[in-house]
Amino acid sequence: MIRNAGARRAHWSSRWAFILAATGSAVGLGNIWKFPYMAGESGGGAFVLIYLVCIAAIGLPLLMAEIMLGRRAQRNPVDAMAVLAREAGASAAWRALGVTGVITGLLILSFYSVVAGWMLDYLVLGAGGGFAGLDSAAAQSRLSALLADPQRMLLWHSVFMLMTAAIVGGGVAHGLERANKLLMPALFAILLFLLVYGLIWGEAGRAAAFLFHADFAKITPGVTLAAMGQAFFSLSLGMGSMMVYGSYLKRDTSIVRASVAVAAMDTVVALLAGLAIFSIVFAHHLEPAAGPGLVLQTLPIAFGDMAGGALIGSLFFVLLVFAAWTSSIALLEPATAWITENTRLTRPRASALLGTAAWLLGVAVVLSFNAWRGVTLFGLGIFDALDYLSSNILLPLGGVLIAVFAAWVMKAGHSRQELNLDATLYAVWRLTLRYVVPLAIVLIFLQLTGLLPRLT
Ligand code: TRP
């Protein structure tokens, strides 16, 4: 056994508290503005089918592994990897996996907060009736004006980072748990409201056709890998967020059941968001656009064109802000837990300090859209370079190493005890994690970085 594991540690008050927090981490901007478009463009139902298989066959086993490592160690990701490596008789260098995760979280947070700031800006714009009568040219120039205005972006980036650091500084019970218990039910309620609105006043039939009409001709190796990568990113794997959340789990909670619930809710939110969004888009005769364009240009036109659009539009951006907020809390938590558990800094100070570090990097991200437009790293702007480094390199790397550690390095008796699975299911989990998951992630990595000839 690991000494002192969790003796005086804060814990989630219930299994639901953990499930909501982990779902809060998983449900983010990726679910609402990336998944719907990817699915619609890349084969509809065929893509959704492959995505579901990836969630079940790659995402779920890895999610279980990451939560398990945290729960067993009852420590922040850095110290967790150190004690687990010692317990397994493996190299102390495994600690570096925890350090990389902590840093990756801060890197992602720096640009996630800038993007979430855009959502705050649009929330205020919509609530003030600013969507009314927007046409396509006006929507486009509104977005360009925001991106050209560093002060405005900086303001919202700062507000959002403060919101994040304030929650993390509040601790597990009064910060993370309380925020997720309020925000996640609210997020579900808003999503259902928008869905019902879309079913009644929108073009739900066309939305369903766009999302679910299976076109297997569009399923190429490249599309399959994109589905895999999205499944992996959407579950917030590979950097220790799920590990640190798992470390606040009590011993008697079933990791398997909680993981299934998190993976299912993450997927349901992505699908329902897609239905709601495209019902509205098609009802207003707009084209389904990609990513930022869909949320910040296309949808505002629809909101401006509908009765009650100020309400519907602001609710939609509240949904996005809540989704981003619960994810950024999870991005800041691994580093905060590490610093709090290893220095004399209190948690509020540690989260303020780390939030400031991510905020500073975020300032560079803000400027990369205007004043520092020409600044490039490896041929990419600062925003794109940070996104590329974290999403395409550091997260897959972390994911492979977590799989290797859990399935090859850790003693089988220990993982079996944590997961509490019957012999057959346990064997399936371990085999999947040993062979399928690392292979899949290496392929995703090679595709994302273009090291293999790019598959279409
Ligand atoms: N899952 C989040 C989304 O869908 C993004 C994300 C990736 C994330 N890795 C994370 C969030 C780690 C929190 C922690 O948008």
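A residue counts as buried when its relative accessible area is under 20%, as exposed when that area is over 50%, and as partly exposed in between, with a 1.4 Å probe and protein chains only. The structure described here is a predicted model, in which local features need pLDDT of at least 70 and side-chain atom pairs count only at pLDDT 80 or more, while totals for chains, interfaces and linings use all residues. Residues are numbered from 1 along each chain as its sequence is written, and side-chain values use heavy atoms, with hydrogens and water left out. Helices (H or I, at least four residues) and strands (E, at least two) are DSSP runs, numbered from the N terminus.

**Helix packing**

- Two packed helices are described by the angle between their axes and the distance between the axes. Axes are lines fitted to C-alpha atoms, for helices over the stretch in contact, and angles run from 0 to 180 degrees between N-to-C directions.
- Angles under 35 degrees count as roughly parallel, over 145 as roughly antiparallel, 65 to 115 as roughly perpendicular and the rest as oblique.
- Helix 13 (residues 291–305) and helix 14 (residues 309–342) have axes that come within 9 Å and cross at roughly 150 degrees; the two helices are therefore roughly antiparallel to each other.
- In this contact (heavy atoms within 4.5 Å), Val295, Leu296, Leu299 and Phe303 of helix 13 meet Gly309, Ile312, Gly313, Phe316, Phe317 and Leu320 of helix 14. The contact residues comprise 8 nonpolar, 2 polar and no charged.
- For these classes, Ala, Val, Leu, Ile, Met, Phe, Trp, Tyr, Cys and Pro count as nonpolar, Asp, Glu, Lys and Arg as charged, and the others, Gly among them, as polar.
- Helix 2 (residues 29–41) packs with helix 5 (residues 95–127) at an angle of about 80 degrees, their axes being 12 Å apart; helix 2 and helix 5 are therefore roughly perpendicular to each other.
- Leu29, Gly30 and Trp33 from helix 2 meet Tyr112, Val115 and Met119 from helix 5, a contact with 5 nonpolar, 1 polar and no charged residues.

**Leu125 in helix 5**

- Leu125 is found in helix 5 and counts as buried at 19% relative accessibility.
- Not counting residues up to four places away in sequence, Leu125 touches Gly130, Phe131 and Arg142.
- The C-alpha atoms of Leu125 and Pro300 are separated by 9.9 Å, although these residues are 175 residues apart along the chain.

**Aromatic rings and charges**

- Rings of Phe, Tyr and Trp (its six-membered ring) pair if their centres lie within 6.5 Å; planes under 30 degrees apart count as stacked, over 60 as edge-to-face and the rest as tilted. By this rule there are 24 aromatic pairs.
- Phe369 lies in the loop between helix 15 (347–367) and strand 1 (376–377) and Phe383 in helix 16 (residues 382–409), so the pair ties together parts that are 14 residues apart in sequence.
- Phe369 is buried at 17% relative accessibility, and Phe383 is buried at 18%.
- Tyr122, Phe131, Phe303, Phe316 and Phe317 form one aromatic cluster.
- A charge sits over a ring if NZ of Lys or CZ of Arg is within 6 Å of the ring centre and within 35 degrees of the ring normal. The charged end of Arg142 sits over the ring of Tyr122, 5.1 Å from its centre, and Arg434 lies over the face of Trp408, 3.9 Å from the ring centre.

**Positive phi values**

- Most residues other than glycine have a negative phi.
- Ser236, which is not a glycine, has a positive phi of about 60 degrees. Ser236 is placed in the loop between helix 10 (221–234) and helix 11 (241–247) and counts as buried at 15% relative accessibility.
- Asn420 has a positive phi near 60 degrees. Asn420 is found in the loop between helix 17 (412–419) and helix 18 (423–449) and is exposed, with a relative accessible area of 68%.
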